Amino acid sequence: MNVKARAELEGITPYALGQTIEEIKEQYGITTVRKLSDNENVYGTSSRVREAIMQATANLAFYPDGMTSGIVEKLSSHYKLDQKHFLVSNGSEEIIRLLTRAYIDRHDEAVMAEVTFPRYKTNVLIEGGKAVTVPMVDGRHDLQKMQQAITEKTKMVFVCNPNNPTGTIVGKQELLSFIDTVPSHILIIMDEAYFEYADSEKYLDTMPLLDQYPNIVILRTFSKIYGLASLRVGYGIMHEEIAKELHKVRDVFNVNQLAQAAAVAAIEDQAFVRDCSAKNSIERAFLSAKFKELEIDSYPSQTNFIYAFTNRPVIQALTENGVLVRQMHLPVYKEAFRITLGTREDHEFILQIVSQLFHERAV
Ligand SMILES: *Cc1c(COP(=O)(O)O)cnc(C)c1O
């Protein structure tokens with residue numbers, strides 16, 4: 001090939017997608033697959049969403065609202081925060097890309113945790129920036145080391161809280177003092193994709209800090225607890241001057257009409273959100289305790305998944321039985337994996353497979 005892409009792309013590999021449900025069914029000759037590999041909502045979507053989408057199909061021939069005003073109005077009243085702070089996007093992943101597009105110059109640095117959402121690094125590299133990764137402590141962000149990693153070239157820091165894939169949060173005081181020490185010309189990007197699942201007293205709600213720290217950008221999404229992953233809607237909450245810059249680099253019609261209708265209906269159903277979060281907390285405590293009995297350890301999670309590690313081989317057996325998890329790597333342990341929390345029925349099925357497996361080996 002004589003046509004060369006930009007040099008920045010040389011070191012970038014496309015995101016590794018898992019096998020599809022159909023592929024797994026075929027490979028193992030099974031009919032039921034439990035996809036617990038991508039942190040989707042196992043309770044589905046609010047029942048109001050389908051109706052809203054059906055109504056929106058009347059307007060398929062028209063471009064969608066380029067300002068996503070329906071969603072912005074709903075978010076503004078839900079959070080009691082002025083509309084000028086919201087920017088809605090094609091998944092919150094798009095906001096990450098807009099931020100690097102608008103703010104990363106060649107050789108600028110972005111500080112992030114070593115084991116976190118891979119899109120931060122990829123987008124920084126695409127713009128010719130440098131990703132400075134800081135090792136974790138027990139699956140948590142080491143905010144002190146992250147602060148020490150800031151140099152004259154640093155343009156942004158990413159804090160994924162709760163963190164994907166480890167599920168952990170950073171402490172309230174620790175995060176407050178971190179935010180306070182980061183110089184005001186550096187963006188602090190708080191990725192809170194799992195915000196609605198966090199129920200710890202130690203979890204800091206960053207939204208009230210926007211006034212005092214105009215360099216904070218908060219990312220949230222409709223892909224996780226709202227159960228709209230297939231439609232791609234996310235949003236950022238930020239100072240209006242930052243929003244103005246991001247509007248310059250985004251696609252004009254970045255959120256399609258069906259997705260907009262669905263998101264509006266989904267925000268209106270907060271009872272669904274509360275219900276999913278409550279069930280998830282119960283299942284989180286259940287599965288991690290049962291795993292521990294089976295010598296499968298995990299980090300304390302504040303999300304709808306847990307990061308588990310063990311010296312006993314389980315991933316293959318789970319996959320063969322149609323339970324899809326995301327394989328991870330953790331030094332010292334033979335196996336590590338991220339598993340989305342399922343229903344009680346999913347968990348009982350999983351625990352049965354694992355205990356049977358261990359029993360067989362012991363005999
Ligand atoms: C799932 C996820 C997102 C974003 O997802 P979108 O579907 O693009 O909104 C962002 N950050 C983290 C940490 C996630 O796990």
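Modeller: A pocket is an open set of points on a 1 Å grid over the protein atoms alone, with protein on both sides within 12 Å along at least five of seven lines. Its volume is the space filled by 1.4 Å probe spheres set on those points, which are joined across faces, edges and corners.

The model is predicted, so local features need pLDDT of at least 70 and side-chain atom pairs pLDDT 80 or more, whereas totals for chains, interfaces and linings use all residues. Residues are numbered from 1 along each chain as its sequence is written, and side-chain values use heavy atoms, without hydrogens or water.

The second largest pocket has a volume of about 230 Å³. Its lining (residues with an atom within 4 Å of a point) includes D138 and R140, the run T168, I169, V170 and G171, and E174. S200, K202, P300, S301 and Q302 also belong to this lining. By class, the lining holds three nonpolar, five polar and four charged residues; Gly counts as polar, Pro as nonpolar, and Asp, Glu, Lys and Arg as charged.

In the side chain of N164, an N or O atom lies 2.8 Å from a ligand oxygen. For E93, a polar backbone atom is 3.0 Å from an oxygen of the ligand.

Conventions. Polar contact = N/O pair within 3.5 Å; in protein donor to acceptor, adjacent residues only side chain to side chain.
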